[in-house]
Amino acid sequence: MHSIADDLPMIYYATYSILNPSKFSIASIATLQQSSALIRGSFDYMQWLVQRFRSHILEVKRLYALEQIEPTVKEGVLPYPPQESEKPRGMSFDLKDVSFSYPTTKTKEPALKDISCSIKSGQMVVIVGANGSGKSTLIKLLNRLYDPTSGTIMVDGNEISSYRLEDYRSSVATLTQDHTIFGINIGENIGLGHTDRVDDEALIMKAAGQGGATEVIKKFKDGLATSLRPYNSAYGVHVSEYEDTPLGRALKKMEKTVTVSGGEKQRIVASRTFMRFESGRITFVAVDEPSSAMDPEAEFQLFKNLRSWRDGKTMIFVTHRFGHLTKHADLILCMKEGTLVESGTHEQLMTLAGEYSKLYKIQAEAFEAPVPEPAKIDDSAI
Ligand SMILES: Nc1ncnc2c1ncn2[C@@H]1O[C@H](COP(=O)(O)OP(=O)(O)OP(=O)(O)O)[C@@H](O)[C@H]1O
């Protein structure tokens, strides 16, 4: 296409000059070359526009197709909570022979196999177990991100699937290891936990204090208004021409990238969960390893602050670090390869001397082992 656009006028005029030598001048060659380059440029541009238009149309089509996707989790009819009570009560769970395989999985082994257990209203539960043993999957089922492949989950005496999804999910707060930070400012990132109060700076700062994010916010000149990711809204605008205008200054500020560390991100996301508690609707809290990047003091404080909200809530913690959490737990569920191998309190499971006590002792030994003497240097040979 390009070479045709380039060469066609030249071929035409070369033929024309041979046939009519008297009407042709050498000077017209330069003009010809220029005009053919212009024609080629126009063809290129048209081709680029058509391609861009096609890809934009495809993106719009994909966006509308999203609406057609049927959620696999079915909508229920019961309101949650089933009865309005003066004081919110933590959710209770009864699991019977619950098995689950991920729809996309290629392996035959289900992620959860025949799990049966009861969690009473207001209990603090800790789930432990090796990597891949099914801890997070169990939390996903209790959050209704998936329905079990077989077996039943009862919540407050009714099947989990019988509740209206919106009601159920607005009674649940989940804090996980996937610390999602959105392209909005720090205050809004925390305020999202309770959207009705997203502009309430005092409440946001209270939540930030509990999530350990106060110092992160103070670090930035713009505080809560600090944008965490650059916006792309200045595309196509020549900002340099407007630098000294309010619009130019606002665009420049939005484009500035602010970096926060992994641990700082986790503090902001944890603060969002404390903000969510302020809605007064939360009766189930699922905490799945949210502190992997935090220092030990921040982690200790986070768990202490989460536990201080226990009243009227059932709390489930997934953890690899036994420490203080397991000792406070009313119930420990110990998982192995998708099955629930042991359940009970710390003392009961230690007496059992099974999987839990094995995992516990591995961690305890690391702290109790005597610190080796520093190696003596033999300097006689120096
Ligand atoms: N989205 C998914 N699709 C397919 N398989 C998955 C998916 N998520 C997890 N699995 C598989 O399900 C099993 C249980 O995973 P799960 O994440 O529940 O384990 P876990 O005990 O939380 O592990 P970890 O301690 O590493 O977080 C694993 O075999 C895992 O590979």
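Me: In what order do the 6 strands of the open sheet come?
Reply: In this predicted model, the order is E6-E7-E8-E3-E9-E10, and the pairing within this open sheet is mixed.

Me: Which strands stand at the edges?
Reply: Those are strand E6 (172-175) and strand E10 (339-344), and because each has a single partner strand, one side of each is left without a neighbour in the sheet.

Me: And what does the twist average from one strand to the next?
Reply: The twist averages 15° on going from one strand to the next.

Me: In which sense do E3 and E9 pair?
Reply: Strand E3, residues 124-129, pairs with strand E9, residues 331-336, in the parallel sense, and 5 bridges connect them. One of the residues involved is Gly129, whose bridge partner in E9 is Met335.

Me: Changing topic, what surrounds the ligand?
Reply: The residues around the ligand include Tyr102, Thr104, Thr105 and Ala111, and among the others are Gly129, Lys135, Ser136 and Thr137.

Me: How many of the shell residues are nonpolar, polar or charged?
Reply: By class, the shell around the ligand has 2 nonpolar residues, 9 polar ones and 1 charged one.

Me: Back to strands, how does E1 pair with E2?
Reply: Strand E1 (residues 93-100) and strand E2 (residues 112-119) pair in the antiparallel sense over 5 bridges, and Asp94 stands opposite Ser118 in E2.

How values were computed. Residues numbered from 1 in each chain as written. Predicted model: local features only at pLDDT ≥ 70, side-chain atom pairs only at ≥ 80, totals over all residues. Near = placed C-beta within 6 Å. Nonpolar A, V, L, I, M, F, W, Y, C, P; charged D, E, K, R; others polar. Pairing = 2+ DSSP bridges. Helix = DSSP H or I, 4+ residues; strand = E, 2+ residues; numbered from the N terminus. Axes fitted to C-alpha atoms, helices over the stretch in contact; angles between N-to-C directions.
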